[in-house]
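Please keep the sequence and the model in view while reading.

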Amino acid sequence: MNAGTWPLAWLGGAVVVGSSSLPAQAVHAAQVVAVDTRGGLGGGVFLPANALGAPQGGGLTQGSTHVHSLGVGGSLTVQVAVPVRDGPGVDFLVAENAFATGGFGLVFGEVAFVEVSSNGVDFARFPARYRGPDSDPGAFGVVDLAHFENLAGMVPVLAGSLAFPNADPQDVVEAGSDAFDLADLRVDPLVGLGLLDLTAITQVRLVDVRSGIDLDAAGRRVRDCGSGSADIDAVTAIQHANNMATNGPELQLAIGVDGRFTLAIDDPDGWQDLDGASLRASVQGLPMDAAALLSACQVTRADARGFTLSLPTPLPSTLRFRLAFAIRDRAGHRCGVARVRP
Ligand SMILES: [Ca+2]
Ligand SMILES: [Ca+2]
Ligand SMILES: [Ca+2]
């Protein structure tokens, strides 16, 4: 079976960015727990309350000023309104104020490590990876957002912006922002010790990366832009204590080192419960027509629960990219995934 058969007809309703209902409950960071700006090192906007509530993004090519600057090497800890849980796909988003400039996938971005806690004492850091050059991009330089993984501060924030007034702040594609899946922390020692409950994350801490000094999870120096620090706009829960339904849609995205990717789209209620028109896709943070993006894929599995689409052809090694997908089922449950090419 190839992608020309039923799944693509089903995907035919997918559009780039559409309107959608806003969540009724508060799903954003609600309280500042701790702030350390390192004396305002690097300059910026030092208003921690700006990191609470919904994102007020600047769109693709502008950075929001409704942010709190961490200060170079500084940190901010916030309490979320409802505990975040490790549900299907991405569990929460962090909005910084990166903006696209200088070419497809290139951004001015200042990054922060992301840490989570369920008891307010023990924090686990997402395993960050940096795959860009070990050289300073300079005060006005740009970086490829696909060189960064599990760091906040790369993907432009569309939610709350004038250019994308209907962008859903909980949709991994429409919202923009950097996406985090608690599944990436299942092997963290704190989980094994019973000190981190991935079903009830109450606090998120953002720690500014000192460019050229701080190391990723593989021991590589991280290099980001500018002489300032990451600027935090919002933290938004997607999978949380108030949406514990176990019959929501399930996306799984894997990208190989050769660039081939596999996207599995399933629903426990059966594939008919998926809302095909809600499928969203982005490449390098830029929303795109999902059906067109997936048209090069083959259907490698199709059953009652869903199907798997696979890109059969390796991509040039120079082509780096971040892919994101989001979908809902007919009850409005959502799932999003985002990955960079390793
Ligand atoms: Ca998850
Ligand atoms: Ca920034
Ligand atoms: Ca369902």
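The sections below proceed from the whole chain to its domains, sheets and selected residues.

## Basis of the report

This is a predicted model, in which local features need pLDDT of at least 70 and side-chain atom pairs count only at pLDDT 80 or more, while totals for chains, interfaces and linings use all residues. Residues are numbered from 1 along each chain as its sequence is written, and chains are lettered from A and ligands numbered from 1 in the order in which they are written.

## The chain as a whole

The chain contains three helices and 23 strands. Helices (H or I, at least four residues) and strands (E, at least two) are DSSP runs, numbered from the N terminus. The radius of gyration of the chain is 19 Å, close to the 20 Å that the globule rule gives for 342 residues, so the chain is as compact as a globular protein of that length. This radius is taken over C-alpha atoms, and the globule rule is 2.2 Å times the number of residues to the power 0.38. Along the principal axes, the C-alpha atoms fill a box of roughly 60 × 40 × 40 Å.

Of the 342 residues, 51% count as buried. A residue is buried if 20 or more other C-beta atoms lie within 10 Å of its own, exposed if 12 or fewer, and partly exposed in between, with C-beta atoms placed from the backbone. Among contacts with a separation of 6 or more, 77% are between residues 24 or more positions apart. Two residues are in contact if their C-beta atoms, placed from the backbone, lie within 7 Å.

## Two domains

The domain assignment gives domain 1 (6-18 + 243-340) and domain 2 (29-237); such bounds come from an automatic or database domain assignment. The centres of the two domains, taken over C-alpha atoms, are 24 Å apart.

Where the domains meet, 24 residues of domain 1 are in contact with 23 residues of domain 2. On the domain 1 side, β16, β18, β19, β22 and β23 each give two or more residues, and β23 gives the most, with six residues. The residues on this side divide into 13 nonpolar, six polar and five charged. Here Ala, Val, Leu, Ile, Met, Phe, Trp, Tyr, Cys and Pro count as nonpolar, Asp, Glu, Lys and Arg as charged, and the others, Gly among them, as polar.

## Sheets and strand pairs

Five strands form an open antiparallel sheet in the order β1-β3-β13-β7-β8. Two strands pair if DSSP finds at least two bridges between them. At the edges are β1 (29-36) and β8 (124-125), each of which pairs on one side only. Within this sheet, β7 (residues 112-117) and β13 (residues 201-208) are joined in the antiparallel sense over six bridges, and Val116 stands opposite Val204 in β13.

An open sheet of four strands has antiparallel pairing and the order β19-β18-β22-β23. Its edge strands are β19 (286-288) and β23 (334-340), each pairing on one side only. Strands β18 (residues 274-283) and β22 (residues 322-329) pair in the antiparallel sense over six bridges; Ala281 has Phe325 in β22 as its bridge partner. Six bridges also join the antiparallel strands β16 (residues 250-255) and β17 (residues 261-266). The hairpin of β16 and β17 has five residues between the strands, and Gly259 there takes a positive phi near 90 degrees.

## Selected residues

Leu274 is in strand β18 and counts as buried, with 25 C-beta neighbours inside 10 Å. Not counting residues up to four places away in sequence, Leu274 touches Pro249, Ile265, Asp267, Gly306, Ile327 and Asp329. Leu311 lies in the loop between β21 (306-310) and β22. Leu311 is buried, with 21 other C-beta atoms within 10 Å, and touches Arg260, Phe261, Ala296 and Cys297, again not counting residues up to four places away in sequence.

Most residues other than glycine have a negative phi. Arg38, however, has a positive phi near 55 degrees; this residue lies in the loop between β1 and β2 (68-69) and is partly exposed, with 15 C-beta neighbours inside 10 Å. Gln284 likewise has a positive phi near 55 degrees. Gln284 is found in the loop between β18 and β19 and is buried, with 23 other C-beta atoms within 10 Å.
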